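Let's take a walk through this structure together, one place at a time. Have a look at the fold below before reading on.

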Amino acid sequence: MDSTGRGAPHPDAVSGLLDFLREYSRERLDSRRMDERRSMPLSLVPDLAAAGLFGLRIPREYQGLGLSHSDMARVMTQLGAIDANVFVLVGVHNTLGIPPVQHFAPEAVKRAVLPELAQGRQLITSAISEPGQGSYVHAIASRAAKQPDGSYVLNGHKQWISLGADAKYVNVFARLTDEHGQDAGITGFLVDSAIHGFQHGPEVLTLGIKAVPQNSLTLDELRVPAQALLGSEGQGLRVAKTAFAFGRLTIAAGSLGAMMRSLELAHRFARQREVATGNLAENGRIQQILAECTAATQAVETLVENIAARLDADERVPEPLYFTAKALGAELMWHVVDRCVQLLGARGYLDTNVVGQFFRDYRLFRIFEGSTDTLTVYLGTAFLADAQELIALLDEFDAAPQVQELAAEVAKLTTRATASAPQRHMLANALGELSCWAMLAALTSEVRHRSDMHSYTASWCEQRLRERLRAIENDLPFGELPTVDAIARHIADYEGKIGNVEQRRPGEEHGLDALLRRG
């Protein structure tokens with residue numbers, strides 16, 4: 001079944017894209033230079049646009065490629081193996097930007113906007129995060145007021161917006177007040193960033209992924225027409241969740257590419273390095289590290305393939321599975337990259353040896369689109385409120401009996417009593433993390449027969465689940481934490497030990513001289 005438009009894409013479409021990206025990365029990309037200059041080469045966007053990379057899942061009737069979810073995941077994995085900046089550029093546009101328009105904009109808007117986006121003539125992003133609430137959609141403070149003529153006036157501030165200063169179109173989410181002054185709920189709008197009232201803030205200087213600008217945005221009495229509405233009034237949460245769902249799967253796919261590339265380099269080094277015990281790759285401890293990192297990589301690959309296949313078959317994908325892709329995909333990626341830096345020794349600490357830059361760049365993925373702890377606490381809280389949801393979810397998988405038994409033990413944690421709110425938060429986090437591991441163990445168990453490596457991966461995931469479960473069970477009931485005030489007092493004492501070390505030397509002057517400014 002083709003869910004993206006008229007007919008299926010050409011069978012060689014994705015292979016051609018992968019070949020293009022591999023050659024392009026060899027001949028045209030310089031990740032080091034992009035990192036140092038905090039910018040991308042002028043040719044990058046038109047080159048990627050010509051290859052179709054800005055319309056991966058846009059239907060062909062709107063001039064996109066109409067790829068399946070599985071093929072798009074392969075493309076994003078390839079990008080993740082090449083460069084985090086290029087991955088974020090293509091990923092934000094295709095997953096956070098396009099789906100709200102493709103699935104919720106009026107048809108006339110789709111026909112006007114999607115071809116521009118598909119051909120890379122314009123970029124698009126979403127503005128959800130705000131200074132006071134991060135990416136917590138329910139707490140959005142930006143406001144939209146419906147006018148008597150059906151238009152809307154938007155006011156508010158957005159922060160940490162990838163491509164914020166470069167995107168022509170921005171999906172803005174705000175809390176709507178209807179024409180009667182009543183709260184109509186979170187609502188999404190497609191905003192042209194060129195219109196009056198849209199103000200770009202300064203670019204923040206990030207630890208990694210330096211070539212992709214992260215900006216603040218201000219909406220000041222910004223008026224948009226009725227046609228700018230994404231979905232219906234008050235439907236913004238659904239629209240935003242659609243973007244987040246695709247984004248979380250994409251982050252896992254990109255993480256997979258980073259894991260594969262890092263392991264490739266680490267193994268190449270180990271095979272050629274001689275140490276006191278002989279060849280490094282044949283050292284038992286190094287062999288164990290490489291085996292566990294390979295298992296983590298294959299586990300994430302299994303997860304990405306499973307979700308993409310479900311989407312291609314028009315099957316429902318449970319929201320917790322997306323959370324698992326984002327949380328464990330990013331966490332296992334970080335574990336593998338960190339291990340590879342360590343295995344490479346001094347070479348791993350050199351920024352010019354790829355893995356060092358990966359270490360900085362891909363650290364964001366544990367935060368991007370919801371930090372890991374935020375997601376696990378949210379997921380665990382939902383399961384504590386409805387234990388049957390977790391039980392039904394785990395029953396969907398055809399896992400080995402021992403994995404089913406561990407999953408049942410995870411479900412039992414929903415009956416644990418807690419004495420205080422902090423303890424309940426800790427229990428929710430533990431339950432959320434364990435439920436992610438239970439789903440991953442179940443998925444890898446289903447395919448353990450495919451090869452010896454699949455069998456090892458299934459056993460590794462099962463063991464990780466067992467270890468985390470036992471560790472958490474040993475911690476229950478959770479001990480009482482120091483009070484918030486006690487922690488604050490203790491940290492305040494640090495000033496007496498390290499003093500005031502805040503730097504005050506003036507930096508570079510970038511503003512126009514006062515005598516040259518407009519009066």
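A pocket, found on a 1 Å grid over the protein atoms alone, is an open set of points where a 1.4 Å probe fits, with protein on both sides within 12 Å along at least five of seven lines; lining residues have an atom within 4 Å of a point. Grid points are joined across faces, edges and corners, and a volume is the space filled by probe spheres set on the points. Please keep in mind that this is a predicted model, where local features need pLDDT of at least 70 and side-chain atom pairs count only at pLDDT 80 or more, while totals for chains, interfaces and linings use all residues. Residues are numbered from 1 along each chain as its sequence is written, and side-chain values use heavy atoms, with hydrogens and water left out.

The second largest pocket has a volume of about 770 Å³. Of its 31 lining residues, Gln78, Ala81, Ile82, Gly257 and Arg261 lie closest to the centre. Helix H4 gives the largest share of this lining, 7 residues. Helices here are DSSP runs of H or I with at least four residues, strands are runs of E with at least two, and both are numbered from the N terminus.

Now to the nonpolar core, a set of buried Ala, Val, Leu, Ile, Met, Phe, Trp, Tyr and Cys residues joined through side-chain atoms within 4.5 Å. Buried means under 20% relative accessible area, exposed over 50%, and partly exposed in between (1.4 Å probe, protein chains only). The largest such core has 160 residues, and Val75 and Leu154 have the most contacts inside it. Helix H7 (residues 236–272) brings the largest share of this core, 18 residues. Contact means heavy atoms within 4.5 Å; leaving aside neighbours within four places in sequence, the contacts of Val75 include Val14, Leu17 and Leu53.

Our last stop is Thr177, in strand E4 (residues 169–177). Thr177 is partly exposed, with a relative accessible area of 24%. Not counting residues up to four places away in sequence, Thr177 touches Ala144, Ala145, Lys146 and Gln182.
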